[in-house]
Amino acid sequence: GMDDGDYLAAFDHVLMPVAQEFSPDLVLVSCGFDAALGDPLGRCCVTPDGYAHMMHRLMSLTNGRVIVALEGGYNLSSISRSAVACVETLLGHCPPKMDPVFPCPSALESIRNTMDAHAPYWRSLNVTRRVAPTEQPSVAEKKASEDGEKQSSTTATPEASASAENEACTVASGGSHYVKTTTIAEMMKNVVPDGEATLYAINPLTWCPHLPEVATVPRRGMHVDDPCEICGDVIENWICLRCYKVMCSRFSKDRK
């Protein structure tokens, strides 16, 4: 089943760019956990940490204005752990640090097809590919590729074999190409935005009107590990750029 890498890749390359372009005032989430690790029907492998990171991304769309309604799921333990992770994120806790995750080839193909289908309607997905759409190889091409891999594996070192598995495999026949992509980076490096040099999920501003209000950094400097001056919390704290006091995220709206 699909796991954190598959869901986060879809979030980062389809859902978030489109949502940023739409610019909603409020996000409503029908929050089911059928895809949670351990669900007997969904049979997917999304962890509580994965759900926390997805919720954190959604909160960035509307400055935290997110309404979550608990929906389905068929494993009470999976639902409980996943729901707790989402609620903690909504309360301002920083999502847990995750090791690098990557989508599987079938997820990459679904992401690519979704981007192609929606590109005519959303500028953020309107990308031009440098390579032609992938085509499935013929039976003869597959057999030739497999025979070549078997022959090379008899003399290759374990390190070389592992490296070869992580590289894109191309089998050419006439004008067609079969491209096996293993990471989201491999897929995205073959796309460029229409008429622009760089593709952003969020269009950056060239100027911030609040910059003149930023005060000079105090002599003691800024220390990211300082606790909140009100409650002593050290999780995801913020430093006011006017007075340089340290506040936790629950008080961030009082000092923008």
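Which residue forms a salt bridge with Glu109, and how many Å apart are the closest N and O atoms? I looked this up in a model that is predicted. The partner is Arg112, and the closest N and O atoms of the pair are 2.7 Å apart.

**Entry 1, the pair in α4.** I checked where the two residues sit. Both belong to helix α4, residues 105–118, and because they are 3 residues apart there, about one helical turn separates Arg112 from Glu109. I then looked up how accessible each one is. Arg112 has a relative accessibility of 13%. The cut-off for buried is under 20%, so Arg112 counts as buried. Glu109 comes to 31% and counts as partly exposed.

I noted the total next: the count is 4 salt bridges. One of them joins Arg242 to Glu213, with 2.3 Å between the closest N and O atoms. Arg242 is in the loop between β7 (238–239) and β8 (246–247), while Glu213 is in the loop between β6 (191–193) and β7, so this pair ties together parts that are 29 residues apart in sequence. Glu213 is partly exposed, its relative accessible area being 39%. I also found a salt bridge between the side chains of Asp226 and Arg220, at 3.4 Å from N to O. Arg220 has 54% relative accessibility and counts as exposed.

I took down the overall values. The protein chain has 7 helices and 8 strands. It has 256 residues, of which 29% count as buried. Its accessible surface is about 16,700 Å², and carbon and sulfur atoms account for 57% of that. I also looked at contacts between residues at least 6 apart in sequence: 69% of these join residues at least 24 apart.

How are two packed helices described? The terms are the angle between their axes and the distance between the axes. For helix α1 (residues 4–22) and helix α2 (residues 48–59), I read an angle of about 10 degrees and axes 10 Å apart. Angles under 35 degrees count as roughly parallel, and therefore α1 and α2 are roughly parallel to each other. I listed the residues that make the contact. On α1 they are Asp4, Tyr7, Leu8, Phe11, Asp12, Leu15 and Met16, and on α2 they are Gly50, His53, Met54, Arg57 and Leu58. By class, the residues of this contact are 7 nonpolar, 2 polar and 3 charged.

Leu8 lies in helix α1. Is Leu8 buried or exposed? Its relative accessible area is 8%, so Leu8 is buried. Setting aside neighbours within four places in sequence, I found Leu8 in contact with Gly50, His53, Met54, Arg57, Met98 and Val101. For Leu8 and Gly50 I also noted the separation: 42 residues in sequence, and 7.6 Å in space from C-alpha to C-alpha.

My last item was a serine. Ser82 is placed in helix α3, residues 76–90. With a relative accessible area of 1%, Ser82 is buried. Which residues is Ser82 in contact with, leaving aside its neighbours within four places in sequence? I found Phe33, Ala36, Pro48 and Tyr51.

Key: Residues are numbered from 1 along each chain as its sequence is written. This is a predicted model: local features need pLDDT of at least 70, side-chain atom pairs count only at pLDDT 80 or more; totals for chains, interfaces and linings use all residues. Side-chain values use heavy atoms; hydrogens and water are left out. Helices (H or I, at least four residues) and strands (E, at least two) are DSSP runs, numbered from the N terminus. Buried means under 20% relative accessible area, exposed over 50%, partly exposed in between (1.4 Å probe, protein chains only). Contact means heavy atoms within 4.5 Å. Accessible areas come from the Shrake-Rupley method with a 1.4 Å probe; for residues, only the protein chains shown count as cover. Axes are lines fitted to C-alpha atoms, for helices over the stretch in contact, and angles run from 0 to 180 degrees between N-to-C directions. Angles under 35 degrees count as roughly parallel, over 145 as roughly antiparallel, 65 to 115 as roughly perpendicular and the rest as oblique. Ala, Val, Leu, Ile, Met, Phe, Trp, Tyr, Cys and Pro count as nonpolar, Asp, Glu, Lys and Arg as charged, and the others, Gly among them, as polar.
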